Amino acid sequence: MANSSLKDESTKIEPELIPVPFLGKLATLIAVIVPFLALVGAVFLLWGWGITWVDLGLLLGFYLLTAVGITVGFHRLFVHRSFETILPVKIVLAALGSMAVQGPLFNWVGQHRRHHQHSDEEGDPHSPYRYGRGIWRRIRGLWHAHIWWAFQPDAPGIKKYVADLRQSWALRVTDHMFLFWVAMGLILPAVVGGILTGSWVGVWTGLLWGGLVRLFLVHHVTWSVNSLGHVWGTRPYKSDDHSRNNFLIGILALGEGWHNTHHAFPTSARHGLRWWQPDVSYYLIRLMSWLGLAWNIKLPTRAAQAQARRHA
């Protein structure tokens, strides 16, 4: 945790970049647009026939599974090494995170580690303060932080941020299987929907609700941590950036919305440190520890928390 003064909001963030291949941009566009179109279709379907308990179950179930893959797996385990677990659990979490379709494991981890190194300053891949002050610049910054950054070129040297993970052959294989995991994230809810309803209609509605609509929700909730999580909310802890604690995002993102707390204590497995701050991801990590599947769980001491608080 750094304690220096807040970075100048007026600074424009323009890091050196390398071009993005056309197919990469096209794949990103498809990953963003198709879930949105599916949501529009789901609204029309809901208007005409309604939604069944199977549809709701698949939407909630696969939302939780893939969101946990991002929050517990990609973020707290692989980026920050907030706890340790066995290799099979690592692979399962990496697979679930990949099913959220936010990029392969190594790229996701590299981008996020870079974000922490340069949070809200030059080099941050998704700062909402990229364009400085003013209403229009702030709107542009929010758009960039929420979604547009994914279409931008990667900064050079991103692989250096994941040198530790690349030492594992199992994680290298899991990373290379990204497209397979993406496909499984769409096929599985369709298959389950078909089995539970015993019909082809269940296959298609399972794909719609548990696959595509779920992707839309997971995408925008996660991206809101990057955008809204640096603009709206409280800042109880000292930090060099504009990270905020946002109650709504804290709930929807399974604890990731306690973003100022996270930036104050990046390696903490628990982001919601207060009793009234729900942190489903941490509850799962604690459950894993009770089952003997998680250990070396990192948490800030009470003294560290008191020292970091703004009123201290």
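Author: A residue is called buried under 20% relative accessible area, exposed over 50% and partly exposed in between, with a 1.4 Å probe and protein chains only. Helices are DSSP runs (H or I, at least four residues), numbered from the N terminus. The model is predicted, so local features need pLDDT of at least 70 and side-chain atom pairs count only at pLDDT 80 or more, while totals for chains, interfaces and linings use all residues. Residues are numbered from 1 along each chain as its sequence is written, and side-chain values use heavy atoms, with hydrogens and water left out.

Reader: How many residues of α4 are buried?

Author: Of its 13 residues, 10 are buried, so α4 is largely enclosed by the rest of the structure. Among them are L105, F106, W108 and V109.

Reader: Against which helices do the buried residues of α4 pack?

Author: Contact means heavy atoms within 4.5 Å. The partners are α2 (53-79), α3 (87-98), α6 (169-176) and α10 (259-264).

Reader: Which residues does L165 touch?

Author: L165 lies in the loop between α5 (135-146) and α6, and is buried at a relative accessible area of 8%. Not counting residues up to four places away in sequence, L165 touches F78, F106, V109 and L171.

Reader: What is the relative accessible area of F36?

Author: F36, in helix α1 (residues 22-48), is partly exposed, at 41%.

Conventions. Helices (H or I, at least four residues) and strands (E, at least two) are DSSP runs, numbered from the N terminus.
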